[in-house]
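Please find below a short note on the structure under review.

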Amino acid sequence: MNGRAGVQSVVLLLAGGALIRTATTGTYVRYVKPGLHWYLVAAGAVLVLVALVNLARLFLATTRPPTDEHHDHEPDDGHGHGHSRFEPSWLVVAPVLALLLVAPPALGSYAASHGGTALNASGGSDFPPLPAGDPARVSLLEYASRAVFDQGRSLTGRTVTMSGFIVTDGDRRYLTRMIITCCAADARPVKVGLTGAVPPGLAADTWLEITGTYTAKTDPDPVDGAPIPYVTVTTAQPIPAPKEPYES
């Protein structure tokens, strides 16, 4: 079998298998929006099909009797024995195989602490009233947008509940979610500072669900200077990481 052609086919096979595996196990939501699920399945299936066709062609080529003018002889050691050589290109299979076996985690506090808040790309000032009944469940992006761009008018007098992971900055704790447009490569954080009944000793990347009320307090984001709004926490409890960790 031709070494490089074989490597290319195996890499295609593993890459296609990795796409299908992440799509069928649900871990794909760590990297792309949920709406891209079937695109990943289709792309993985195409890669696997192409790889299998190429491998079949290579196998059939090796089973044909070689002709003298096209037969490549292995180097002889002088004793009538040829030596097969290791093809270095096979080393590229290792990282692809690792991706198939070990799924990287979703972006967390490290990425969020090095990214400026997504609020400076948001805007608007017309916000409808929150749904009736307290606490009203809102996303972090919705709360932060209402707090900053609506000056909290639509939040005043209401109790909200939301969830995210913890980002630490000295003694400050920010409830955070990563916002994606397409995939994790374009993810940016939205942060909401916690004040009030904040549980002590919260570690970075702890997932937390809080209930609280609006406060006018803000911090400048240390990365880009954009405002980070706060929420006054009334209750808080740790929760498992959600199946879909990003907001969009």
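The numbered points that follow refer to a predicted model.

1. Helix H5 spans residues 140-149 and is mostly covered, eight of its 10 residues being buried. Among the buried residues are Leu140, Tyr143, Arg146 and Val148. The cover over the buried residues of H5 includes strands E2 (159-169), E3 (172-179), E4 (188-196), E5 (207-220) and E6 (227-238). Just after H5, Gln151 adopts a positive phi of about 50 degrees.

2. Because its relative accessible area is 3%, under the 20% limit, Arg146 counts as buried. Leaving aside residues up to four places away in sequence, Arg146 touches residues including Phe127, Pro128, Gln151 and Leu155.

3. Arg146 also forms a salt bridge with Glu142, with the closest N and O atoms 3.1 Å apart. Both residues lie in H5, four residues apart, about one turn of the helix. Glu142, at a relative accessible area of 28%, is partly exposed.

4. The structure holds eight salt bridges. One of them joins Asp134 to Arg158, the closest N and O atoms being 2.7 Å apart. This pair links distant parts of the chain, 24 residues apart: Asp134 is in the loop between helix H4 (109-113) and strand E1 (136-137), and Arg158 in the loop between H5 and E2. Asp134 is partly exposed at 43% relative accessible area, whereas Arg158, at 18%, counts as buried.

5. Asp169 pairs with Arg172 in a salt bridge whose closest N and O atoms are 3.5 Å apart. Asp169 is partly exposed at 28%, and Arg172 is partly exposed at 35%. Together with Asp219, Asp169 and Arg172 are linked in a network of salt bridges.

Technical notes: Residues are numbered from 1 along each chain as its sequence is written. This is a predicted model: local features need pLDDT of at least 70, side-chain atom pairs count only at pLDDT 80 or more; totals for chains, interfaces and linings use all residues. Side-chain values use heavy atoms; hydrogens and water are left out. Helices (H or I, at least four residues) and strands (E, at least two) are DSSP runs, numbered from the N terminus. Contact means heavy atoms within 4.5 Å. Buried means under 20% relative accessible area, exposed over 50%, partly exposed in between (1.4 Å probe, protein chains only). A salt bridge is a side-chain nitrogen of Lys or Arg within 4 Å of a carboxyl oxygen of Asp or Glu.
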